[in-house]
Amino acid sequence: MVTLDKIYHAAFVLKQVARRTDMIYSPKLSQDCELYLKTENLQLTGSFKLRGAYYKISQLSEEQRAAGIIACSAGNHAQGVALAASRMGIHSVICMPDGAPISKVESTKALGAEVCLVQGAYDDAYAHACRLQQETGMTFIHPFNDDEVIAGQGTIGLEILDQLPEVDAVICPIGGGGLISGVAYAIKKLNPNVKVYGVQAENAPSMAESVRQGEPITLNTVETFADGIAVKHPGDTTFAIVRDCVDAVVTVSEDEIAAAILALIEKQKLIAEGAGAVSVAAAMFHKLPIEGKKVVCIVSGGNIDVNILSRVITRGLVTAGRNSMLQIALEDKPGQLLGVSRIVSECGANVVSVHHERSDANMAVTSCFLTLGLETRDFEQIAQIRERLTAAGFKIVN
């Protein structure tokens with residue numbers, strides 16, 4: 001069983017390994033509450049997962065260590081297991097979904113683990129790891145449904161209460177539930193008045209649906225770029241703790257996650273992966289009753305692939321009204337483009353791309369479609385441009 005004593009013991013064991021990550025005041029991210037970030041994305045392996053993995057492995061017997069260890073992970077648990085195993089001289093095999101970010105796969109290899117890529121999602125990697133464990137007799141290190149792992153993650157709860165004793169609420173990402181189980185257990189045992197909220201991607205709501213239905217359920221599919229929380233089935237142990245200790249579980253959309261990642265980059269100079277940013281997304285998009293409260297968002301990880309980050313930033317810019325596309329039907333005659341660009345310029349926007357289309361079968365022979373890519377300030381500016389163009393007699397198609 002998870003106990004407060006076990007969490008305190010984990011904190012002692014981890015003192016020389018895991019960073020006591022900073023708590024950063026972030027007034028620019030929310031006007032509704034006094035927001036703080038618990039920056040686990042700055043942990044030694046770029047994620048909180050080091051805590052639970054290291055503590056679990058530190059408690060293994062000599063016989064278990066000699067047999068080697070096996071784990072499954074979308075990337076962050078993999079790096080925690082790999083680092084812990086290499087420091088203790090233990091052979092490790094990590095099963096990862098073949099869609100895991102390349103950066104996470106390469107980092108896991110660099111930390112000394114043998115990586116086995118498995119076709120499918122996290123749960124497919126888990127099933128393969130279980131088969132290998134049966135065949136080899138290696139010790140399985142579960143990423144979330146394990147008492148020692150949960151206790152290791154619970155050390156974050158101890159740090160939050162120490163760093164911000166007057167905290168009113170903690171917002172925590174949820175995949176399988178190991179992080180929120182440890183954090184919620186520690187916080188509720190020490191200060192039951194603190195609210196603990198969980199957040200999932202709306203395309204991978206396994207814990208949210210389990211809480212709603214009153215029992216752990218298995219999703220047919222999960223589809224989110226927040227790969228660290230793309231879990232079809234939550235842990236039985238974690239579900240029980242979430243049911244007893246967590247005040248609410250909400251979901252956020254892909255666009256909201258992208259906007260949160262962009263806000264963290266621009267306003268806090270912090271890189272978060274999708275899973276790490278869902279807590280901030282919940283605060284930014286008013287998913288929880290936190291108005292006027294002192295709120296801590298756990299930014300659980302920052303291991304995002306650069307190629308994915310580029311696409312996420314673009315999507316975040318669109319979601320925030322910072323990038324937009326306009327398609328205008330024009331008479332194909334001189335001066336039309338000048339008239340459009342003058343209005344865009346007077347409104348203070350910037351044209352970044354221009355495309356003329358004359359061959360569309362749906363347009364008149366003397367017409368064309370003009371598609372503009374714009375850099376804009378916000379949705380209000382986009383609306384202003386549309387109004388000015390319409391008032392000038394231009395027909396906006398899209």
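This is a predicted model, in which local features need pLDDT of at least 70, side-chain atom pairs count only at pLDDT 80 or more, and totals for chains, interfaces and linings use all residues. Residues are numbered from 1 along each chain as its sequence is written, and side-chain values use heavy atoms, with hydrogens and water left out.

Q: Which residue is the bridge partner of I328 in β14?
A: β11 is also joined to β14 (residues 395-396), by two bridges in antiparallel direction. I328 belongs to the covered face of β11, along with S324, L326 and L330. Its bridge partner in β14 is I396.

Q: Which elements give two or more residues to the lining of the largest cavity?
A: A cavity is a set of points on a 1 Å grid over the protein atoms alone where a 1.4 Å probe fits but cannot get out, and lining residues have an atom within 4 Å of a point. The search of the whole structure finds one cavity of 30 Å³ or more, and the largest holds about 270 Å³, a volume being the space filled by probe spheres set on points joined across faces, edges and corners. Of its 26 lining residues, F48, K49, G175, G228 and I229 are the closest to the centre. The elements that give two or more residues to this lining are α4 (76-88) and α8 (178-190).

Q: How many residues apart in sequence are the parts that the Y25 and Y36 pair ties together?
A: Rings of Phe, Tyr and Trp (its six-membered ring) pair if their centres lie within 6.5 Å; planes under 30 degrees apart count as stacked, over 60 as edge-to-face and the rest as tilted. Y25 and Y36 are 5.2 Å apart centre to centre with 40° between the planes, a tilted pair. Y25 lies in β1 (residues 23-25) and Y36 in β2 (residues 34-39), so the parts tied together are eleven residues apart.

Q: Is F140 buried or exposed?
A: Y126 and F140 form an edge-to-face pair, 5.7 Å centre to centre and 70° between the planes. Buried means under 20% relative accessible area, exposed over 50%, and partly exposed in between (1.4 Å probe, protein chains only). Y126, at 29%, is partly exposed. F140, with a relative accessible area of 19%, is buried.

Key:
Helix = DSSP H or I, 4+ residues; strand = E, 2+ residues; numbered from the N terminus. Pairing = 2+ DSSP bridges. 1 Å grid on protein atoms, 1.4 Å probe; cavity = no way out; pocket = protein on both sides within 12 Å on 5 of 7 lines; lining within 4 Å.
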